[in-house]
Amino acid sequence: MGLVYSWIVSPVQYVDAPPYALRADFKDEYRALVAAAYLYNNDLLRAEDRLAQLKDDNPAQSLALQAQRAFEEGHPQAEVRALGILAMELAEGLTPGASSGTPTPFTPYPSAIGRITNTPIVSQPSGDPMIAASPSLTQEDTENLPGETAQPAQIFISTPGPDPAYVLEDSTLVCNPDQPQPMIQVLVQDAAGNPVPGVELLVSWENGEDYFFTGLQPELGMGFADFLMTPDVVYSLALAEGERVLTPLTAAECQPEDQNHYWGSWLLTFIQP
Amino acid sequence: MSRWTKFLLAIIVGAAAGLFYGWIVNPVEYVDIGPESLRMDYKTDFVLMVAESYQVDHNLSLAVRRIAKLGTSAPNEIVANALSYALQHDYASQDLSLLQALGEALLTWNPNLEVPTP
């Protein structure tokens with residue numbers, strides 16, 4: 001009789017529940033809403049308070065993971081961007097417009113052995129600001145690294161466009177045997193050298209295009225983003241629609257003397273002019 | 001002690017033990033609930049977040065979809081309830097304005113004009 005009453009006649013009704021009891025998909029919507037509201041109020045404390053109601057172990061990481069997931073699942077770009085921005089602000093503990101002047105140290109893939117086997121040669125026609133003025137390592141530097149071998153030069157050319165928000169400062173082929181897949185790794189910094197999150201990057205190739213954002217992997221740096229390349233495909237990269245295009249970008253091999261070949265990753269550093 | 005007394009005593013002890021277990025030892029834990037079950041202050045904050053995001057995207061249909069998660073009442077009714085709660089609990093005037101602005105925007109919302117999302 002008790003079961004009939006509590007199951008059929010008067011089943012339990014949840015009331016006055018806290019947000020941490022929400023179902024996982026509703027929690028995602030709650031986080032997305034917190035992030036969307038944050039774009040309006042720029043109140044990091046309020047956003048932290050709201051997220052604290054979900055009792056996530058690491059709210060910044062939860063947001064970053066959700067941003068990544070939302071991006072992969074094709075959620076609206078505005079949602080991905082809002083999640084990414086809040087994730088980064090939380091990770092840095094910064095209020096907008098109050099970023100410190102101390103640049104965050106950046107290491108592409110912290111576990112990387114990080115041997116540089118190639119210094120890309122960068123052309124500089126007619127003083128184009130999109131072109132790197134100086135390579136990251138000199139020939140002398142590379143000679144000092146053990147087991148390095150020379151690689152074919154990579155030439156990046158930018159197409160004409162409007163005054164860019166960012167210019168390519170540096171390009172380096174990062175060789176890491178633990179990361180053998182070819183990648184485009186991008187680091188975006190403001191004029192003071194602080195990483196800039198939420199920058200949209202457009203990558204295109206012959207039969208397609210895709211976009212990605214800086215800061216979706218806070219553990220690798222707030223201004224960091226990466227894209228997995230397919231060997232033998234020629235890519236073009238732009239920091240935003242209408243911006244200058246960096247091309248050609250192709251996967252490059254690392255060739256240590258005593259090991260088998262493996263793919264390196266292009267690390268491109270952009271700064272605000 | 002009569003049989004009836006023993007019987008009633010057993011019932012009382014059993015009920016007390018059950019209440020102690022359900023209230024203290026292993027109280028109910030809400031899991032996998034929907035936003036409609038949130039406490040009123042959380043619901044109000046939910047609506048406030050919708051109002052804040054609406055100021056950024058000005059997407060009324062998105063705002064309505066979000067508010068609709070809070071229950072089956074009409075969206076403007078949910079916003080009105082949130083505004084009423086906010087007024088009673090001395091929310092900041094800026095928050096009250098946001099809720100009011102969303103409520104006013106919803107007055108112009110016509111679901112029949114919605115373009116179905118593919």
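## A salt bridge along one helix

A:Arg31 and A:Asp28 sit together in helix 2 of chain A, three residues apart, which is about one turn of the helix. Helices here are DSSP runs of H or I with at least four residues, strands are E runs of at least two, and both are numbered from the N terminus. The side chains of A:Arg31 and A:Asp28 meet in a salt bridge, at 2.8 Å from N to O. That term stands for a side-chain nitrogen of Lys or Arg within 4 Å of a carboxyl oxygen of Asp or Glu. A:Arg31 is buried at 8% relative accessible area, while A:Asp28 is partly exposed at 22%. Buried means under 20% relative accessible area, exposed means over 50%, and partly exposed lies in between, with a 1.4 Å probe and protein chains only.

Before going on, a word about the model: it is predicted, so local features need pLDDT of at least 70 and side-chain atom pairs count only at pLDDT 80 or more, while totals for chains, interfaces and linings use all residues. Residues are numbered from 1 along each chain as its sequence is written, chains are lettered from A and ligands numbered from 1 in the order in which they are written, and side-chain values use heavy atoms, without hydrogens and water.

## Salt bridges between the chains

Over all chains, the count comes to ten salt bridges. One of them links A:Arg46 with B:Asp95, whose closest N and O atoms are 2.7 Å apart. A:Arg46 belongs to helix 3 (residues 44–52) of chain A and B:Asp95 to helix 5 (residues 93–107) of chain B, so this pair joins two chains. A:Arg46 is partly exposed, at 23%, and B:Asp95 is buried, at 7%.

Within chain B, the side chains of B:Arg39 and B:Asp41 meet in a salt bridge of 2.9 Å, N to O. B:Arg39 is partly exposed, with a relative accessibility of 34%.

## Aromatic rings

A pair of aromatic rings is described by the distance of the centres and the angle of the planes. Rings of Phe, Tyr and Trp (its six-membered ring) pair if their centres lie within 6.5 Å; planes under 30 degrees apart are stacked, those over 60 are edge-to-face and the rest are tilted. The whole structure holds eleven aromatic pairs over all chains. In one of these, A:Tyr14 and B:Tyr30 stand edge-to-face, 5.3 Å centre to centre with 80° between the planes. This pair crosses between chains: A:Tyr14 is in the loop between helix 1 (2–9) and helix 2 (24–41) of chain A, and B:Tyr30 is in the loop between helix 1 (3–25) and helix 2 (40–57) of chain B. Both count as partly exposed, A:Tyr14 at 34% and B:Tyr30 at 27%.

Another pair, A:Trp205 and A:Phe227, is tilted, with ring centres 6.0 Å apart and planes at 40°. A:Trp205 lies in strand 5 (residues 200–205) and A:Phe227 in strand 7 (residues 224–228) of chain A, so the pair ties together parts that are 22 residues apart in sequence. A:Trp205 is partly exposed at 28%, whereas A:Phe227 is buried at 11%. A:Trp205, A:Phe212, A:Phe227 and A:Tyr235 form one aromatic cluster.

## Strands around strand 5

Strand 5 of chain A pairs with strand 6 (residues 208–213) in the antiparallel sense over six bridges; strands count as paired when DSSP finds at least two bridges between them. The two strands form a hairpin with two residues between them. A:Val203 has A:Asp210 in strand 6 as its bridge partner.

Strand 5 of chain A is also joined to strand 8 (residues 235–238) of chain A, by three bridges, and these strands run antiparallel. Here A:Leu202 stands opposite A:Ala238 in strand 8.

## Two loop residues with positive phi

Most residues other than glycine have a negative phi. A:Asp16, in the loop between helix 1 and helix 2 of chain A, has a positive phi of about 55° although it is not a glycine. A:Lys55 has a positive phi near 55° too, and its place is in the loop between helix 3 and helix 4 (59–72) of chain A. A:Lys55 is exposed, at 57%.
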